[in-house]
Amino acid sequence: MRIAIVGCGYVANFYLKTLPLYPEIQIVGVMDRNEERAARFSEYFSVPRFQSLNEVLDDQRVELVVNLTNPRSHFAVSKASLEAGKHVY
């Protein structure tokens with residue numbers, strides 16, 4: 001499964017640190033609305049970075065969006081992802 005992580009805050013660290021335990025999951029990239037945080041996260045974990053949610057949703061490689069945004073943003077990100085034909089976690 002090819003995934004993108006949306007939301008590069010504290011919780012996202014746990015996901016990236018445990019990702020090697022799941023070889024069937026491939027990370028396509030990460031995105032955060034705070035560009036500085038996304039850049040630091042992307043660089044630290046050596047993963048590609050998306051510039052926007054639209055870029056994530058337009059990428060045909062992304063099968064599943066891991067929504068790690070704050071609770072206020074969950075609905076909007078999940079809804080947009082589902083409407084784009086992505087699975088959401």
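**Reading the labels**

Tutor: Start with the sheet: 4 strands form an open sheet in the order S2-S1-S3-S4, and the pairing is parallel. The edge strands are S2 and S4 (87–88), since each pairs on one side only. This is a predicted model: local features need pLDDT of at least 70, side-chain atom pairs count only at pLDDT 80 or more, and totals for chains, interfaces and linings use all residues. Residues are numbered from 1 along each chain as its sequence is written, and side-chain values use heavy atoms, with hydrogens and water left out.

Student: What makes S3 and S4 a pair?
Tutor: Two strands pair if DSSP finds at least two bridges between them. S3 and S4 have 2 bridges, in the parallel sense. They therefore meet the definition. Strands (E, at least two residues) and helices (H or I, at least four) are DSSP runs, numbered from the N terminus.

Student: How do you know that S1 and S2 pair?
Tutor: They share 5 bridges, in the parallel sense. Arg2 has Gln26 of S2 as its bridge partner. Ala4 stands opposite Gly29 in S2.

Student: Why is S2 called largely enclosed?
Tutor: Buried means under 20% relative accessible area, exposed over 50%, and partly exposed in between (1.4 Å probe, protein chains only). In S2, 5 of the 6 residues are buried, so the rest of the structure largely encloses it.

Student: What makes a group of residues a nonpolar core?
Tutor: Its members are buried Ala, Val, Leu, Ile, Met, Phe, Trp, Tyr and Cys residues joined through side-chain atoms within 4.5 Å. The largest nonpolar core here has 14 residues; Ile5, Leu16, Ile27, Val30 and Phe41 touch the most other members. At least two residues come from each of S1 (2–6), H1 (10–18), S2 (26–31), H2 (35–45) and S3 (64–67). Apart from it lies another core, of 11 residues, among them Ala4, Met31, Val56 and Leu57. In soluble globular proteins, nonpolar side chains tend to be buried together.

Student: Which residues does Phe41 contact, beyond its neighbours within four places in sequence?
Tutor: Cys8, Ala12, Asn13, Leu16 and Val30. Contact means heavy atoms within 4.5 Å.

Student: How do you know that the buried residues of H2 line one face?
Tutor: They are Ala38, Phe41, Ser42 and Phe45. Seen down the axis of H2, they fall within an arc of 95°, so they line one face. The arc is that of the directions from the helix axis to the C-beta atoms. These residues pack against H1 and S2. The face turned away carries the exposed residues Glu36, Glu43 and Tyr44.

Student: What caps the N-terminal end of H2?
Tutor: Asn34, with a side-chain oxygen 3.1 Å from the backbone nitrogen of Glu36.

Student: How do you know that the span of H4 agrees with its length?
Tutor: The expected span is 1.5 Å times one less than the number of residues. For the 13 residues of H4 (71–83) that should be 18 Å; the end C-alpha atoms are 19 Å apart, which agrees.

Student: Which residues of H4 are buried?
Tutor: Ser73, Val77, Ser78 and Ser81. They cover an arc of only 130° around the axis, which puts them on the same side of H4. What covers them includes S1, H3 (53–58), S3 and S4.

Student: Why is Asp59 called buried?
Tutor: Its relative accessible area is 14%, under the 20% cut-off, so Asp59 is buried. Lys17, at 56%, is over 50%, so Lys17 is exposed.

Student: What makes the link between the side chains of Asp59 and Arg61 a polar contact?
Tutor: A polar contact is a pair of N or O atoms within 3.5 Å; within protein, one must be able to donate a hydrogen and the other to accept it, and residues adjacent in sequence count only if both atoms are side-chain atoms. Here the distance is 2.6 Å, so the pair is within the cut-off.
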